[in-house]
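Q: I'd like to learn how to read a structure like this one. Can we go through it step by step?

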Protein chains: 2
Amino acid sequence: MTPEAAFIAALRSLAPHPAARGLADDCAVLELGGETLILTHDMMVEGVHWLPSQDPADVAWKLLATNLSDLAAKGAQPIGVLLGYTLAADNTRFAEGLGEALAHFDVPLLGGDTVHSPGAQTVGLTALGRATCKPVPSRSGARPGDSVWITGPVGAAMLGFEALCAGNASADTSAYRRPVPRLAEGRALAPLVSAMMDISDGLLLDASRMAEASGVTIALDPALIPVPADLPPARLREALSWGDDYQLLFTLPPATEPPCSAHRIGMVRAAGSAPLLLGEAAPSGQLGYEHR
Amino acid sequence: MTPEAAFIAALRSLAPHPAARGLADDCAVLELGGETLILTHDMMVEGVHWLPSQDPADVAWKLLATNLSDLAAKGAQPIGVLLGYTLAADNTRFAEGLGEALAHFDVPLLGGDTVHSPGAQTVGLTALGRATCKPVPSRSGARPGDSVWITGPVGAAMLGFEALCAGNASADTSAYRRPVPRLAEGRALAPLVSAMMDISDGLLLDASRMAEASGVTIALDPALIPVPADLPPARLREALSWGDDYQLLFTLPPATEPPCSAHRIGMVRAAGSAPLLLGEAAPSGQLGYEHR
C-alpha cells in the first residue's frame, strides 16, 4: 500500500458520516436546512500540478475549474468558494486569473486564508454548490446494460501540456491551462444518469473506479473514444490514462439518450474478471495519475 | 503595502458577495435554505506555523482547533470539515491526531484532498458550522460604553512554545500544541455580545482590528488582563502580542454580564486618536502576528 493509500484508508475510518460518502466520491453531499449542499476541496502544488514557468493567472483558473468540475459531476449549481493561498513572488497575476475565472463561471469568493511558506507554492480551494436534483449522482450507480458516455475528447490536456513544455507559442494549450468544467452538462445530465464523475485522473483509471464503486465491469470500445484531431493514433493508449481533461464520464439506463453533446464509448456489464475492459482486454500498465 | 496586504486587497475586490463580509471577518456567513452557514478555511505550513520537530498529531489537532476557534467566534455549531493535506514522511501520527481531535470536538470529516509536494508540508482545513443565533456576531458591533472581555489568559501559548523549543519535558506545552477552541462559550455569548472574535494573532492586534471594524477606540487596562501564573511580569507586553491563544475577545452592552467564565479587561470609547489604548497610551511596536 502506498503512503497515500494508507493515509486515505486511515482518514476513511474518521469519516463515517453519510455526507462523506466514504471519501470515495468527488464531493461530500450534505443535507442542510432543506437544501442539499455539495462540498469539495482540491489542492495544487507548484512543480507537481503546474510548471513553475506557467502564468499564475492560469494556475488560479485551473484551481477554480478543477473544483467546479467536481461540482459538475454532481449536477450542482456553484454557490461560492474559499481560497487557501501561500504567497509567491507574483501574486498579482494569480489574483487577476482568479478574478477572470470567478467572473467567467459566475461564482463569488467567500473567504479563505493567505500564509507565507518557505517551500513550493501550494494553493487549495473549497467549492460549495447546491444540488439541482435528487438523488445526487454518485460513482456507484452504474448497472449492467447501461451505456457509457463521455462529454468530450480525452488527450487534449496532454497535447497542451507538451506544447507548453516545448515552448510552442503557436499551439493551443488552453485545454491544459484553462480547462472548462462541464457545469451545464452536469446539471442537464444529473436527473438521467445512473452514475457520473469527472475524469480528472485519466479515463481508464476513473472508469475503473466507477466500475469498482458500482460493482460492475465497464467495457470501453477504443474506436469510439473521442480524441483531438491532432493526436497521433499510436498515442491513444497514453491519452486514455493522462488525465486533466475534466470531461464528465457517465452511464445511462437502456434507451435513455443524453440531453447534451456526448459520445457513447462503451457498455456496463455484470462484474467479470476485471472492472475495466478496453477492447475486450483488461488494460495493463498505469491507468492514470494516482497522486493528483 | 506588504505583498500579503496587496494580495488581500485584490481578493477583496473579488468578494463583493455579502456572505464574504468583505473578507474582514473570521468567517463567511451564508444564508442557505433556512439555515445560516458559517464557513472558514485556515492553512498551516511546516516551519512557519509549527516546528518541524513537533508531533504531527499535535499539528492535526491545532489545524482543527484553529478553524473551530473561528466558528466559536460566530457562536456556531460545527457541522463538519474538509482536509487539504500534502503527504509527509509520517502520515500515521497526523491521522491519529486528527482522529483524536475530531472525536474530542465531535465533528465529522466530510472530504478533502491529499497531494504530493516537494517542499514544506502544507495543510489546510475548511470548517463548516451552523449559526445558533441571529444576527451572527461580527467584529464590527462594538459601541462606546460597552465593556470588553476575554474568556481566558493570554501568553500561555508563548510559554508553551518556548518550553517546546527548549526541550523542557516537564513543562506543560499543551496551550501551544493543543489549543482548545471556546465553542461552548461562543454559543453562550453569541446572543449577548455586541462584537466578538478569536484572538489568534495576539490580543493587541486583534483588539485593534475589532476597534477599527467597529469605528471605536478600545481602551484595555493591562492590570486586568489575565495571564498565566508563571509569566514574568516584565514579559506582559510580549504576551499581549504573541498570539496563538485562541481565547474569545468580546464586547457587552452596559449592565450585561457574561454567561460564562470571562475577565473584564477594558472599555469601548468613542473613536479617539488611536483605535487601541493600553493603559491610556497607544501601544507602540508590533501588535501581533501579521502573517499567520
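A: Let's start with helices. Helices (H or I, at least four residues) and strands (E, at least two) are DSSP runs, numbered from the N terminus. Axes are lines fitted to C-alpha atoms, for helices over the stretch in contact, and angles run from 0 to 180 degrees between N-to-C directions. This is a predicted model: local features need pLDDT of at least 70, side-chain atom pairs count only at pLDDT 80 or more, and totals for chains, interfaces and linings use all residues. Residues are numbered from 1 along each chain as its sequence is written, while chains are lettered from A and ligands numbered from 1 in the order in which they are written.

Q: At what angle do α2 (residues 56-73) and α3 (residues 92-105) of chain B pack?

A: Two packed helices are described by the angle between their axes and the distance between the axes. Here, α2 and α3 of chain B pack at about 40 degrees, with axes 6 Å apart.

Q: Which residues of α2(B) and α3(B) meet?

A: Two residues are in contact if their C-beta atoms, placed from the backbone, lie within 7 Å. Among them, α2(B) brings B:Trp61, B:Leu64 and B:Leu68, and α3(B) brings B:Phe94, B:Leu98 and B:Phe105.

Q: How many residues of chain A are in contact with chain B?

A: 56 residues of chain A touch 56 residues of chain B. The elements giving two or more residues to chain A's side include α1 (3-12), β2 (35-45) and α3 (92-105) of chain A.
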